[in-house]
Amino acid sequence: MAAARQDRAAPSKVHPLFSLGSGTFAGAIEGFATYPIEYTKTVAQFTTKAGAKPPNPIVIARDTIAKYGVRGLYSGCGALVAGNALKAGVRFLSYDHFKSMLKDEHGKLTAPRSLLAGLGAGMMEAIFAVTPSETIKTKLIDDAKSETPRYPQSLVRGSIAIVRDEGILGIYRGLVPVMLRQGTNSAVRFGTYSTLRNFVQGSSRPGQPLPSGVTFGIGAVAGIVTVYATMPLDVVKTRLQTLHGREQYKGTFDCMAKVLRHEGVLAFWRGATPRLARLMLSGGIVFTVYEKSMDVLQSIFA
């Protein structure tokens with residue numbers, strides 16, 4: 001996404017605050033719009049019985065609405081929206097910064113260097129945004145499903161209650177798999193996107209910007225590759241961040257070993273379908289909102 005904007009940007013340098021503000025706004029809109037998909041993915045990953053088949057996302061949504069109403073699909077939403085907004089801002093800023101550092105003497109960024117820039121951006125967003133927000137989101141979803149919920153379902157009060165119970169380190173459960181996932185996620189996504197974009201542009205439209213539909217299609221393919229490449233890390237992250245993750249698993253590698261031993265290798269791809277749907281949809285939303293926001297900001301402050 002950031003790569004697409006950079007490639008099509010005007011020669012004049014974009015102000016970092018514009019990038020931060022537009023990315024933050026786009027991330028918030030995308031997080032809220034796609035949250036029900038994220039909810040069904042997270043619930044599907046809670047299934048831990050050996051050989052148990054995860055419930056269908058549609059069944060999860062139907063059962064949740066029947067029991068809690070539509071609001072049930074937004075349990076823990078505030079944490080993810082806030083984290084998504086911060087994550088998008090950090091991602092755009094970080095990726096642009098690493099890109100400028102890694103460009104060659106001709107001002108070009110090769111696919112391997114784009115992959116490194118994406119890896120750095122993913123690490124930054126994991127530390128500063130993703131881990132705390134997703135830990136809180138996962139705990140609130142897990143708590144809402146229990147017979148006796150103990151946390152308020154609002155972002156602020158729920159976060160305060162979690163920190164009071166587990167300390168500040170409690171919202172950094174799963175930091176290692178999140179850093180691995182986000183780093184790999186951004187590296188694969190930006191690397192795949194840049195490679196496909198250069199191939200399409202070089203073969204059919206040399207020196208010309210690509211139509212929005214082609215750009216969206218390339219981003220969707222990059223999203224598919226990203227989801228299936230990083231899904232095991234996402235499953236491990238979710239397991240570690242549940243209410244009982246601290247008692248069930250000693251750490252990242254212990255969680256991987258137990259899931260593999262008790263549930264089989266396919267358990268690492270639980271929730272892949274809703275995550276794939278969300279990632280493909282989120283790419284279009286973030287790209288569109290970000291571009292429109294940048295246009296508005298640049299026109300106001302021109």
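This is a predicted model: local features need pLDDT of at least 70, side-chain atom pairs count only at pLDDT 80 or more; totals for chains, interfaces and linings use all residues.

**Entry 1: Lys139 and Glu166.** I started with lysine 139 and glutamate 166, whose side chains form a salt bridge at 3.2 Å, N to O. Lysine 139 sits in helix H6 and glutamate 166 in helix H7 (residues 155-166), so this pair ties together parts 27 residues apart in sequence.

**Entry 2: Arg91 and Glu125.** Arginine 91 and glutamate 125 join their side chains in a salt bridge, 3.1 Å from N to O. I placed arginine 91 in helix H5 (residues 77-102) and glutamate 125 in helix H6 (residues 111-145); the two are 34 residues apart, so the pair links distant parts of the chain. Why does arginine 91 count as buried? Its relative accessibility is 10%, and the cut-off for buried is under 20%. Glutamate 125 is buried too, with a relative accessible area of 0%.

**Entry 3: Arg239 and Glu263.** The salt bridge between the side chains of arginine 239 and glutamate 263 has an N to O distance of 2.9 Å. Arginine 239 belongs to helix H9 (residues 212-241) and glutamate 263 to helix H11 (residues 252-263), so parts that lie 24 residues apart in sequence are tied together by this pair. Arginine 239 and glutamate 263 are buried. I also followed the shared partners, and salt bridges join Arg239, Glu263 and Arg270 into one network.

**Entry 4: H2 against H5.** Next I turned to helix packing. Helix H2 (residues 16-33) packs with H5 at an angle of about 145°, and their axes are 7 Å apart. I noted the crossing of H2 and H5 as right-handed. On the H2 side I listed contact residues including Pro16, Leu20, Gly23, Gly27, Ala28 and Gly31. On the H5 side, Leu80, Val81, Ala85, Ala88, Gly89 and Phe92 are among them. I sorted the contact residues of H2 with H5 by type and got eleven nonpolar, seven polar and two charged.

**Entry 5: Cys77.** Cysteine 77 is one of the H5 residues in that contact with H2. Neighbours within four places in sequence aside, cysteine 77 touches Phe32 and Tyr35.

**Entry 6: the largest nonpolar core.** Which residues make up the largest nonpolar core? I counted twelve residues in all: Tyr35, Tyr39, Val43, Ala44, Phe46, Ile60, Ala61, Leu73, Cys77, Leu80, Val81 and Ile141. H3, H4 and H5 each give two or more residues to this core. H3 supplies the largest share, four residues.

**Entry 7: Phe46.** Phenylalanine 46 sits in the loop between helix H3 (35-45) and helix H4 (57-68). It counts as buried because its relative accessibility is 14%, and the cut-off is under 20%. I then looked up what phenylalanine 46 touches, leaving out residues up to four places away in sequence: Thr138, Ile141, Asp142, Lys145, Thr238 and Thr242. For threonine 242 I also took the C-alpha to C-alpha distance from phenylalanine 46, which is 8.2 Å, although the two are 196 residues apart in sequence.

Note on methods:
Residues are numbered from 1 along each chain as its sequence is written. Side-chain values use heavy atoms; hydrogens and water are left out. A salt bridge is a side-chain nitrogen of Lys or Arg within 4 Å of a carboxyl oxygen of Asp or Glu. Buried means under 20% relative accessible area, exposed over 50%, partly exposed in between (1.4 Å probe, protein chains only). Contact means heavy atoms within 4.5 Å. Axes are lines fitted to C-alpha atoms, for helices over the stretch in contact, and angles run from 0 to 180 degrees between N-to-C directions. A crossing is left-handed if the near helix is turned anticlockwise from the far one by less than a right angle, and right-handed if clockwise. Ala, Val, Leu, Ile, Met, Phe, Trp, Tyr, Cys and Pro count as nonpolar, Asp, Glu, Lys and Arg as charged, and the others, Gly among them, as polar. A nonpolar core is a set of buried Ala, Val, Leu, Ile, Met, Phe, Trp, Tyr and Cys residues joined through side-chain atoms within 4.5 Å.
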